[in-house]
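Let's take a look at this one together. Keep the 3D view open while you read.

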Amino acid sequence: MVRRLHLNVGEVNVTDWDPPDPRERSDLGPGDIELRLSADLVNLPIVRSVVATIATRADFDLDAIADLRLAVDEACSTLITRAVPGTVMTCRLTVSGDALCFTGDVQSATGTEPSTKSFGWRVLTTLTDMVNSRVSSNGQHYELNIELAKRRAVEVPGAGV
Amino acid sequence: MRSSRPEAAHPTSSNEYQHLAPLFDEFAALPPDDPRRSEIRDELVTGHLPLAEHIAQRFSGRGVAREDLVQVATVGLINAVDRFDAERGSDFLSFAVPTVMGEVRRHFRDSGWLVRVPRRLKELHLSISGASTELAQHLGRAPTPSEIAAHLGISQDEVYEGLEAGNAYHSMSLDEVLSGDTENLALGDTLGEEDAGLAGVENHEALLPLLRELPERERRILGLRFVHNMTQTQIAERVGVSQMHVSRLLARTLQRLREGLTEQETE
């Protein structure tokens with residue numbers, strides 16, 4: 001007999017998240033990755049290992065891979081500590097020709113952007129080639145977004161060889 | 001009579017500690033609140049220290065720094081002194097040797113590879129680490145996984161695997177031993193410079209005490225990366241550890257600073 005889980009999916013409202021319609025056309029490019037995680041610091045290792053894996057497979061040099069790992073760690077920590085508890089953090093990772101881009105989004109409790117004079121921001125600007133943060137409001141809550149990009153230090157003919 | 005086992009473990013030791021044996025009887029005879037107890041305990045631990053050092057020595061060269069091993073072995077020795085029951089008639093060494101060794105083994109288990117990584121992967125990780133140091137010197141920058149693969153004559157997938165295996169290894173790793181004595185950094189030469197370089201940072205006051213608490217090497221590496229803007233590979237060369245080790249130390253340091261800063265905010 002098949003062992004059943006104690007969870008009756010029909011009755012229990014597991015999450016209020018509706019899975020995307022599989023027929024829906026993806027807005028992700030072929031190599032793009034999007035992660036949805038609960039905005040909790042325990043999820044940091046997941047995000048940083050995903051970014052490291054993507055950078056490794058895109059054949060970034062070891063310094064760039066390590067820097068990206070640290071940068072994403074820093075960016076996500078900033079996002080998570082500002083997120084409304086119990087909400088979701090969305091991360092998108094894209095590799096385009098010579099750069100890896102990361103974007104993280106959370107629902108923020110405050111409408112203030114992370115200070116560009118903070119030590120954390122210094123860490124982000126040192127580790128990446130571009131970093132940017134934005135706060136927007138839809139009237140009900142604020143959305144905080146941090147975007148960063150790191151370029152390949154190595155010129156690779158035909159990228160990835 | 002002494003059992004023959006401790007002699008086997010530590011051939012010359014039996015006579016070395018003989019003068020301490022009566023102390024155990026005295027120790028056992030004292031009431032628990034007698035102030036003399038802690039004196040004897042100290043004397044017993046200090047007197048047996050060479051045993052801890054000897055056992056630590058036997059485990060050295062396996063990827064854990066020697067001082068750490070001696071420290072762990074000493075903890076084991078203190079436990080052995082505390083738990084030893086002289087009335088049961090066995091001699092201390094035959095009790096202490098397995099106790100201390102057990103403590104050291106546990107340390108290896110706890111602080112070595114966090115998950116059990118197959119030997120092949122450990123070796124792969126080591127050769128990748130070696131190759132990347134070599135290539136970095138040659139190229140003047142950190143190599144890419146494909147360059148490492150070509151250098152070692154293995155597939156890129158194997159390089160990915162080996163790099164991942166490294167992530168399962170605790171920061172107190174083989175790097176520490178491979179790089180030898182890393183504490184011989186020129187202490188004075190950048191001390192204070194980091195502070196000045198971070199003066200523009202707004203949470204400077206909150207940051208300074210946290211920076212001062214950092215071990216010298218971690219502080220130095222942090223300064224080289226975030227004040228002097230050196231790459232991890234350049235730092236690795238300057239400090240004499242592998243790039244992967246620099247990476248791990250930085251990750252640990254940044255996390256520590258973040259936690260410190262958040263704590264201050266919430267206080």
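Here is a short tour of the chains, where they meet and what is packed inside.

## Before we start

This is a predicted model, so local features need pLDDT of at least 70 and side-chain atom pairs count only at pLDDT 80 or more, while totals for chains, interfaces and linings use all residues. Residues are numbered from 1 along each chain as its sequence is written, and chains are lettered from A and ligands numbered from 1 in the order in which they are written.

## Where A meets B

On chain A, 23 residues are in contact with 27 residues of chain B (contact means C-beta atoms, placed from the backbone, within 7 Å). H2(A) gives the most to chain A's side, with 8 residues (helices are DSSP runs of H or I, at least four residues, and strands are E runs of at least two, numbered from the N terminus).

## A look at chain B

Chain B has 15 helices and 0 strands. Buried residues make up 31% of its 267 residues (buried: 20 or more other C-beta atoms within 10 Å of the residue's own, all placed from the backbone). In helix H14 (residues 232–239) of chain B, the buried residues include B:Gln232, B:Ile235 and B:Ala236. After H14(B) comes B:Gly240, with a positive phi near 85°.

## The nonpolar cores

A nonpolar core is a set of buried Ala, Val, Leu, Ile, Met, Phe, Trp, Tyr and Cys residues joined through C-beta atoms within 7 Å. The largest has 62 residues, and A:Leu79 is among those touching the most other members. H2(A) supplies the largest share of this core, 12 residues. Another core, of 18 residues, lies apart from it and includes B:Leu69 and B:Val97.

Terms used:
Two residues are in contact if their C-beta atoms, placed from the backbone, lie within 7 Å. A residue is buried if 20 or more other C-beta atoms lie within 10 Å of its own, exposed if 12 or fewer, and partly exposed in between; C-beta atoms are placed from the backbone.
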